[in-house]
Amino acid sequence: VSIRFDNLYAYDAEENAILICHKCENDCDSDFIRYMRLCGLTSDFDCATLSLLHELGHAETVNNFTDDEWLQDALLKEVICYRPVETIEERTSAYFAYWDTATEHAANMWAVRYTKTHHKAVAQLEEIIEETVAWK
């Protein structure tokens, strides 16, 4: 898996690359942390660290889904993303619906499990990230 900076967080399955948002602050950070807590997150890692682990989770779970399942999920996520939202509650609901899709949920669960089984390594990773990369 390669990692490169971009304007968003994403996993590119064709290139097996994780895209990391450089110097961005997302309006969904607090919602993402809340959602991850619903998935079982017990640590207080930064949203950027969790986002990196989430994208790595896509790389680790990519083969858990068929091409048709990936396509179906992509179409569902597209519908969710283009649905108009007018309130903060609607925005939060859309984020949660997006993270509830099968491929996103699998990546989130992988990330949560990883933070639990490799807590010390994730803490060290977060320190390195904070020292070397200007996330915000």
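A nonpolar core is taken here as a set of buried Ala, Val, Leu, Ile, Met, Phe, Trp, Tyr and Cys residues joined through side-chain atoms within 4.5 Å, where buried denotes under 20% relative accessible area, exposed over 50% and partly exposed anything in between, with a 1.4 Å probe and protein chains only. The model is predicted, so that local features need pLDDT of at least 70 and side-chain atom pairs count only at pLDDT 80 or more, while totals for chains, interfaces and linings use all residues. Residues are numbered from 1 along each chain as its sequence is written, and side-chain values use heavy atoms, with hydrogens and water left out.

The chain contains six helices and three strands, these being DSSP runs numbered from the N terminus, of at least four residues in state H or I for helices and at least two in state E for strands. Along the sequence their order is β-β-β-α-α-α-α-α-α. Of the 136 residues in the chain, 42% are buried. With contact defined as heavy atoms within 4.5 Å, 63% of the contacts between residues at least 6 apart in sequence join residues at least 24 apart.

The largest nonpolar core has 16 residues, of which Phe-32, Met-36 and Trp-99 touch the most other members. The elements that contribute two or more residues to this core are H1, H2, H4 and helix H5 (102-117). When neighbours within four places in sequence are set aside, Phe-32 is in contact with Cys-47, Leu-50, Ser-51, His-54, Trp-99 and Asn-108. A second, separate core comprises nine residues, among them Ile-20, Ala-48, Leu-52 and Ile-129.

Aromatic rings were examined next. Rings of Phe, Tyr and Trp (its six-membered ring) are paired if their centres lie within 6.5 Å, and the planes count as stacked under 30 degrees apart, as edge-to-face over 60 and as tilted for the rest. By this criterion the structure holds seven aromatic pairs. The rings of Tyr-35 and Phe-96 have centres 5.2 Å apart and planes at 85°, so this pair is edge-to-face. Because Tyr-35 lies in helix H1 (residues 29-38) and Phe-96 in helix H4 (residues 88-99), the pair ties together parts that are 61 residues apart in sequence. Tyr-35 counts as buried at 4% relative accessibility, and Phe-96 likewise counts as buried at 15%. In the pair formed by Tyr-95 and Trp-99, the ring centres are 5.5 Å apart and the planes at 25°, so the arrangement is stacked. Tyr-95 and Trp-99 both belong to helix H4 and are separated by four residues, about one turn of the helix; both are buried. Since an α-helix has 3.6 residues a turn, residues three or four places apart point the same way. Phe-32, Tyr-35, Tyr-95, Phe-96 and Trp-99 form one aromatic cluster.

Apart from its neighbours within four places in sequence, Asp-31 is in contact with Arg-91, Thr-92, Tyr-95, Phe-96 and Trp-99.

Helix H2 (residues 47-61) has 15 residues, which at 1.5 Å a residue should span 21 Å, in agreement with the 20 Å that separates its end C-alpha atoms; the expected span is 1.5 Å times one less than the number of residues. Most of H2 is covered, 13 of its 15 residues being buried. The N-terminal end of H2 is capped by Asp-46, a side-chain oxygen of which lies 2.9 Å from the backbone nitrogen of Ala-48. Ser-51, within helix H2, is buried at a relative accessible area of 9% and touches Tyr-9 and Phe-32, not counting residues up to four places away in sequence.

In helix H3 (residues 67-82), Asp-73 counts as buried at 7% relative accessibility. Asp-73 and Thr-103 are 30 residues apart in sequence, yet their C-alpha atoms are 6.9 Å apart in space. Beyond residues up to four places away in sequence, Asp-73 touches Thr-101, Ala-102, Thr-103 and Glu-104. The side chains of Asp-73 and Thr-101 are joined by a polar contact of 3.4 Å, a term for a pair of N or O atoms within 3.5 Å in which, within protein, one must be able to donate a hydrogen and the other to accept it, residues adjacent in sequence counting only if both atoms are side-chain atoms.

With a disulfide defined as a pair of cysteine sulfur atoms within 2.5 Å, the count comes to zero. Cys-39 counts as buried at 11% relative accessibility, whereas Cys-81 counts as exposed at 52%.
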